[in-house]
Amino acid sequence: MKNYDYILFDLDGTLTDSKPGIINCIRYALDKHGIAYTDAILDKMVGPPFRVSMKEFLGLDMPTIEELIVDYRGQYGAGGWRAISVYDGVFDMLKALKDAGKKLAVATSKPIKFTDIIVEELGLKQYFDYVAGASADASKESKADVINSALANLGVTDKTRVLMVGDRLYDIVGAQESGVDVCAVLWGYGDQEEFEKYKADYIMRTPKDVVSLVLKEK
C-alpha cells in the first residue's frame, strides 16, 4: 500500500450533501426556460460540470446552456446553496488526517466563488491547505484541471504521494488523467458498479475507512 501525503477531496457528495440545493436551483432554471426534465435527469446532473451535464442529459445547445447557468447561479448565490450539510464523520476524518500531518485540499468542479463561501460557512476551511474550484467560465472546470491546480499550489513533485477522494466517475477519470490515485466513496452520489467500471483504486464505505486507508490503520 502506498504512502499518501497529499489528500484531495471533492466537495459535493464527498464532504457535503448538497444535492437538495443543487436540484432546487436546476429545477428553477429549467422551469424558467420551459425545458422539460425528469427527476432521474436531475439526479444525474449532480456531480459533473453543468456545461457537460446539460448537453449530455438534456441535449441543449451552448447558448441555451449559458443562459441556464446564469439563472442557476443567480438562484444558488441568492441562498439556494444553503440547503446543504456536512456528511457524518467528515469532520472527524479531516481532523484525523490533518493531525497526522497530511496536506489536504478541496478539488471540486463547483465554481470557486461558491466553493469558498461553502467551505467557510460550514467550518471546513480550517482543515485545508488549499481550496481549488472551477473558474466562472469554461476555461478551468474539468476535474483534471482542478486537480492539477491543487497539485501546483501544494507544490507536489511526486504524484505517487497524492490521493484524490471523490464520489463520482468524474473524480475517477480526472484523477487518472492527472496521474494520481483515486479513492471512491459510497456515502455520496455514486455506486459500486460505477466505481468498478471506471477502475477506482480504492472503494470505501465511510469517512473512517478513508482515515484507515491513508493512515494504514487496521
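Strand β1 (residues 6-9) and strand β4 (residues 103-111) pair in the parallel sense over 4 bridges, where two strands count as paired if DSSP finds at least two bridges between them. Helices (H or I, at least four residues) and strands (E, at least two) are DSSP runs, numbered from the N terminus. The model is a predicted one, in which local features need pLDDT of at least 70 and side-chain atom pairs count only at pLDDT 80 or more, while totals for chains, interfaces and linings use all residues. Residues are numbered from 1 along each chain as its sequence is written, and side-chain values use heavy atoms, with hydrogens and water left out.

- L8 has A105 as its bridge partner in β4, and in β6 its bridge partner is M164.
- Strand β6 (residues 162-166) runs parallel to β1 and is joined to it by 4 bridges, with Y6 standing opposite V162 in β6.

- Strand β7 (residues 181-185) is parallel to β6 and is joined to it by 4 bridges, and the bridge partner of G166 in β7 is A184.
- From β6 the chain crosses through helix α8 (residues 169-178) to β7, and this β-α-β crossover is right-handed, a term that applies if, with the strands pointing away from the viewer, the path from the first strand over the helix to the second runs clockwise.

**The helix pair α3 and α4**
- Helix α3 (residues 50-58) and helix α4 (residues 62-77) have axes that come within 10 Å and cross at roughly 125 degrees, the axes being lines fitted to C-alpha atoms, for helices over the stretch in contact, and the angles running from 0 to 180 degrees between N-to-C directions.
- That angle makes α3 oblique to α4, because angles under 35 degrees count as roughly parallel, over 145 as roughly antiparallel, 65 to 115 as roughly perpendicular and the rest as oblique.
- The contact is made by F50, R51, M54 and K55 of α3 together with M62, I65, E66, L68, I69, Y72 and R73 of α4, where contact means heavy atoms within 4.5 Å.

**Helix α10 and its surroundings**
- In α10 (207-215), the buried residues are P207, V210, V211, S212, L213 and V214.
- These buried residues of α10 pack against β1, α5 (90-99), β6, β7 and β8.

**Residues with positive phi**
- K216, which lies in the segment after α10, has a positive phi of about 60 degrees although it is not a glycine, and at 39% relative accessibility K216 counts as partly exposed.
- K199, found in the loop between α9 (192-197) and β8 (202-204), has a phi near 65 degrees, a positive value in a residue other than glycine, and K199 is exposed, with a relative accessible area of 61%.

Notes
Buried means under 20% relative accessible area, exposed over 50%, partly exposed in between (1.4 Å probe, protein chains only).
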